[in-house]
Amino acid sequence: MELLVIADVDISHIRLIDLTQLADRAKPFYDWIEGQFRLQANSSETLDELLMRLPRHTIEQCIAACYYPDPTQSVPKLFDGIGRLYAHPKACFYFFAWLIRDAPQQRLSPLVQQIAKRTQKARRQVEIEVLAALIVHYRSFARTFQWSAIREVIMDRLEGSRRSIRGREKEIVVRGALAAAFQEYFEKRRSYGIYTDIEVLENQVTIGHETYDVCIQLLDEKNTPVRRILVPIKTRETEGGGHAHLFTRDVRTAVDVARREAVQDYIFVVIIASNWSERETVGLVEIVDHLVHLKTSPNTLLRFDEPTQQQLNAVIERILDGQVLPKRGNV
């Protein structure tokens, strides 16, 4: 997006774009929660309407259905501010807590633990009871649970989780872009295509002596990884392009190792550099499943630009639809 400049003064608010994109990744999860409530309440009302009128015990039942979904059902993900997955029970706890309280981990979680100890009840049962009680007790003050309002809350909460993690490492941007691509697919299809679920690993993956900065696991109905998307990331802060060949050689080595040791996996490569040899880039396109070249300094990169994100979304869509195998899978 172009900068907003008046009288040679840049008044752009890039952070707003970043935050809205973070929040919009939570929309499929919101929609899924609404669907669960409708099923349990046998109603076509919106989540807002149901939360505002249902009695406490029914809200407990609805929240419990969200905590313990049908294992054969595809469930959307909730991501933190840097594109890491929340485990499903934690995602439910955070989501409902965000509706009615702040700082669920720092402030609410210790209170839940105290209640669990005093009542000898299971932690998750207490969470469900507490969340339902808070919603009923404070819903007249909250006034609305519509997505337009909750979106603003989620923007703030996810930004808080991002600030709590130091730095804006390259993995954060790439992981976030991939998370957005999967969320867009789920929002359209309400599933992960030919796969039952996905898992975004928090840490790097090492194969042989090579490291892959980001890894997405594609799971089958037994929750077993079938394939992975491995993403080595190469960055260059300087403008000069003289060493592009050396950097490309490093990427090729990582690709070659994955081809030998992980033949069932997809290989995406992300290059973040203001200046990179186009000849080297063309060579990489031929051997990887998807190449992203962001022509900018890694120090200033906040997100994928819209055309690059849309290209990534399209590739993920073809993978989840089963339309394309890893290139080495055809060998």
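Me: Which residues of α7 are buried?

Reply: Quick ground rules before that one. This is a predicted model, where local features need pLDDT of at least 70, side-chain atom pairs count only at pLDDT 80 or more, and totals for chains, interfaces and linings use all residues. Residues are numbered from 1 along each chain as its sequence is written, and side-chain values use heavy atoms, with hydrogens and water left out.

Buried means under 20% relative accessible area, exposed means over 50%, and partly exposed is in between, with a 1.4 Å probe and protein chains only. Helices are DSSP runs of H or I with at least four residues, strands are runs of E with at least two, and both are numbered from the N terminus. In α7 the buried set is Val 126, Glu 127, Ile 128, Glu 129, Val 130, Leu 131, Ala 132, Leu 134, Ile 135 and Arg 139.

Me: What do the buried residues of α7 pack against?

Reply: Contact here means heavy atoms within 4.5 Å. The partners are α3 (47-53), α4, α5 (88-100) and α6 (104-119). Take Ala 132, which sits in helix α7 and counts as buried at 0% relative accessibility. Skipping neighbours within four places in sequence, Ala 132 touches Arg 56, Ile 59, Glu 60 and Ile 63.

Me: At what angle do α4 and α7 pack?

Reply: Axes are lines fitted to C-alpha atoms, for helices over the stretch in contact, and angles run from 0 to 180 degrees between N-to-C directions. Helix α4 (residues 56-67) meets helix α7 (residues 123-142) at about 135 degrees, with the axes 9 Å apart. That makes α4 oblique to α7; the scheme calls angles under 35 degrees roughly parallel, over 145 roughly antiparallel, 65 to 115 roughly perpendicular and the rest oblique.

Me: Which classes of residue make up that contact of α4 with α7?

Reply: Ala, Val, Leu, Ile, Met, Phe, Trp, Tyr, Cys and Pro count as nonpolar, Asp, Glu, Lys and Arg as charged, and the others, Gly among them, as polar. The contact of α4 with α7 has 10 nonpolar, no polar and six charged residues.

Me: How do α4 and α5 cross?

Reply: Their axes come within 9 Å and cross at roughly 145 degrees. Ile 63, Cys 66 and Tyr 67 of α4 meet His 88, Pro 89, Cys 92, Phe 93 and Phe 96 of α5. By class, this contact of α4 with α5 divides into seven nonpolar, one polar and no charged.

Me: Where is the kink in α7 centred?

Reply: A bend at a residue is the angle between axes fitted to the seven residues ending there and the seven starting there. In α7 there's a kink of about 40 degrees, centred on Val 136.

Me: Which residue just after α7 takes a positive phi?

Reply: Most residues other than glycine have a negative phi. Just after α7, Arg 143 takes a positive phi of about 75 degrees. Asn 42, not a glycine either, has a positive phi of about 50 degrees; Asn 42 lies in the loop between α2 (27-41) and α3, and is exposed at a relative accessible area of 73%. Gln 120 has a positive phi near 60 degrees, lies in the loop between α6 and α7, and counts as exposed at 70% relative accessibility.

Me: Is Glu 171 buried or exposed?

Reply: Buried, at 12% relative accessibility. Glu 171 is found in helix α9 (residues 170-189). Leaving aside neighbours within four places in sequence, Glu 171 is in contact with Gln 204, Asp 213, Val 214 and Ile 233.
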